[in-house]
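The structure under discussion is shown below.

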Amino acid sequence: MSMQYEAAIVYLQQNRLGQWVHNKTIQKAVESSRIAPETKEYLKTLKRKTVTAKKTQNSVL
């Protein structure tokens with residue numbers, strides 16, 4: 001990400017990656033010492049919320 005920021009940011013902005021890969025990419029960039037603090041703050045705003053499916057209770061008859 002630090003070497004090809006312009007190419008990588010397009011994938012994050014357009015949500016082209018799966019949720020796990022998307023968020024992991026942001027996490028790794030934020031942990032990197034090569035990324036500027038301002039860029040890290042922007043990347044944090046692109047993080048996707050985790051959506052979990054509701055569990056249904058199956059009643060036994």
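## Basis of the description

Helices are DSSP runs of H or I with at least four residues, and they are numbered from the N terminus. The model is predicted. On this basis, K49 is placed in the segment after α3.

## Nonpolar core

The largest nonpolar core consists of seven residues: I9, L12, I26, A29, I35, L43 and L46. Helices α1 (5–13) and α2 (19–31) each contribute at least two residues to this core. In soluble globular proteins, nonpolar side chains tend to be buried together.

Setting aside neighbours within four places in sequence, I26 has contacts with L12, L43, K44, L46 and K47.

## Packing of α2 against α3

Two packed helices are described by the angle between their axes and the distance between the axes. For α2 and α3, the axes come within 9 Å and cross at roughly 160°. Because angles over 145 degrees count as roughly antiparallel, α2 is roughly antiparallel to α3. The crossing of α2 past α3 is left-handed.

Where the two helices meet, α2 presents I26, A29 and V30, while α3 presents K40, L43 and K44.

## The salt bridge

How many salt bridges does a search of the whole structure find? The search finds one. K44 is paired with E41 in a salt bridge, and their closest N and O atoms are 3.5 Å apart. Side chains of opposite charge can pair when their charged atoms come close.

Both K44 and E41 belong to helix α3 (residues 37–45), where they are three residues apart, about one turn of the helix. K44 is partly exposed, its relative accessible area being 43%. E41 likewise counts as partly exposed, at 48% relative accessibility.

## Exposed sites outside the helices

R34 lies in the loop between α2 and α3. Is R34 buried or exposed? Its relative accessibility is 61%, so R34 counts as exposed. Not counting residues up to four places away in sequence, R34 touches S2 and M3. Although R34 and S2 are 32 residues apart in sequence, their C-alpha atoms are 6.3 Å apart in space.

K49, in the segment after α3, has a relative accessible area of 71% and is therefore exposed.

Key. Residues numbered from 1 in each chain as written. Predicted model: local features only at pLDDT ≥ 70, side-chain atom pairs only at ≥ 80, totals over all residues. Heavy atoms only, no water. Salt bridge = Lys/Arg side-chain N within 4 Å of Asp/Glu carboxyl O. Buried < 20%, exposed > 50% of the residue type's maximum accessible area, 1.4 Å probe, protein only. Core = buried A, V, L, I, M, F, W, Y, C linked by side-chain atoms within 4.5 Å. Contact = heavy atoms within 4.5 Å. Axes fitted to C-alpha atoms, helices over the stretch in contact; angles between N-to-C directions. Parallel < 35°, antiparallel > 145°, perpendicular 65-115°, else oblique. Left-handed = near helix turned anticlockwise from the far one by under 90°.
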